[in-house]
Amino acid sequence: MQKFITTFTVLVFSILFAQAQTATLKAGATAPDFKLKNVDGKEVSFASYPKAKGFIVVFTCNTCPYAVAYEKRIIELDKKFKPQGYPVIAINPNDPEASKADAYDKMQQLAKDKKYPFPYLFDQGQVVTDQYGAKHTPHLFIVSKTTKGNIVEYVGAIDNDPEGNKTEKIKYAEDVIASLKSNQKPAITETKEIGCTVKRKAKA
């Protein structure tokens with residue numbers, strides 16, 4: 001009986017720990033730094049952008065139809081806001097064993113084909129994915145650089161048009177950055193991200 005209780009207790013704590021590890025960051029949280037391999041073979045971190053005012057961190061991938069639908073909009077975000085101090089940093093959260101088309105060499109090819117102007121990083125072991133609690137592709141985290149560190153300002157969707165067919169859309173990401181540039185807190189700090197679930201290999 002004691003052995004059963006001990007085993008059950010360990011199991012419960014393991015589940016709770018796993019849940020804590022994958023909880024999605026909220027606005028106001030410190031954004032974990034990282035050093036991940038880009039498709040050009042170089043490592044990229046927040047420190048790679050010493051003059052940045054903040055960052056548009058987007059967890060995206062090669063394969064998800066929603067991620068594909070947002071490719072052009074993510075490129076446009078970088079082209080518009082990188083000169084203003086808010087570069088895009090894209091991270092692929094999918095495990096290549098679970099999604100072979102998201103392997104590093106496939107990422108390199110996609111970035112080349114689409115002429116990505118931003119880094120597209122490989123998250124070996126999904127460590128950074130779990131630190132941020134990214135759940136879908138795409139999943140956006142807007143981060144501002146402050147005297148207290150890199151702070152999450154917004155989490156969720158890029159806009160309210162995942163299908164890409166609305167004539168009138170709410171551009172969450174753009175509105176958040178506009179607020180930050182005006183030294184104001186965003187009116188909306190969280191929305192529901194819409195996309196494919198992060199792909200993980202089956203546990204043994």
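This is a short tour of a predicted model, stop by stop.

**The whole chain.** From the N terminus on, the elements run α-β-β-β-α-β-α-β-α-β-β-β-α-β. Of the 204 residues, 47% count as buried. Residues 24 or more positions apart make up 76% of the contacts with a separation of 6 or more. Switch to a surface next. The protein exposes about 11,300 Å², and carbon and sulfur atoms supply 57% of that.

**The largest nonpolar core.** Select Ile-56, Tyr-120, Leu-140 and Ile-142. Of the 33 residues in this core, these four touch the most other members. Now color the elements that give two or more residues to the core: β3 (54–59), α2 (65–81), β4, α3, β5 (120–122), β7 (139–146) and α5 (172–181). The top contributor is α2, with six residues.

**Tyr-120.** Zoom in on Tyr-120 and show its surroundings. Leaving out residues up to four places away in sequence, Tyr-120 touches residues including Lys-37, Cys-61, Ile-91, Met-107 and Leu-110.

**The second core.** Select Tyr-49, Val-57, Leu-121 and Val-155. They are among the 21 residues of a second, separate core.

**Asp-95.** Move to the loop between β4 (88–92) and α3 (104–114), where Asp-95 sits. Which side chain of opposite charge is nearest to Asp-95? Lys-201 is, at 4.6 Å. A salt bridge needs the charged atoms within 4 Å, so buried Asp-95 has none. Show its contacts to finish. Not counting residues up to four places away in sequence, Asp-95 touches Gln-126, Lys-199, Arg-200 and Lys-201.

Key. Residues are numbered from 1 along each chain as its sequence is written. This is a predicted model: local features need pLDDT of at least 70, side-chain atom pairs count only at pLDDT 80 or more; totals for chains, interfaces and linings use all residues. Side-chain values use heavy atoms; hydrogens and water are left out. Helices (H or I, at least four residues) and strands (E, at least two) are DSSP runs, numbered from the N terminus. Buried means under 20% relative accessible area, exposed over 50%, partly exposed in between (1.4 Å probe, protein chains only). Lys and Arg count as positive and Asp and Glu as negative; His and the chain ends are not counted. Contact means heavy atoms within 4.5 Å. A nonpolar core is a set of buried Ala, Val, Leu, Ile, Met, Phe, Trp, Tyr and Cys residues joined through side-chain atoms within 4.5 Å. Accessible areas come from the Shrake-Rupley method with a 1.4 Å probe; for residues, only the protein chains shown count as cover.
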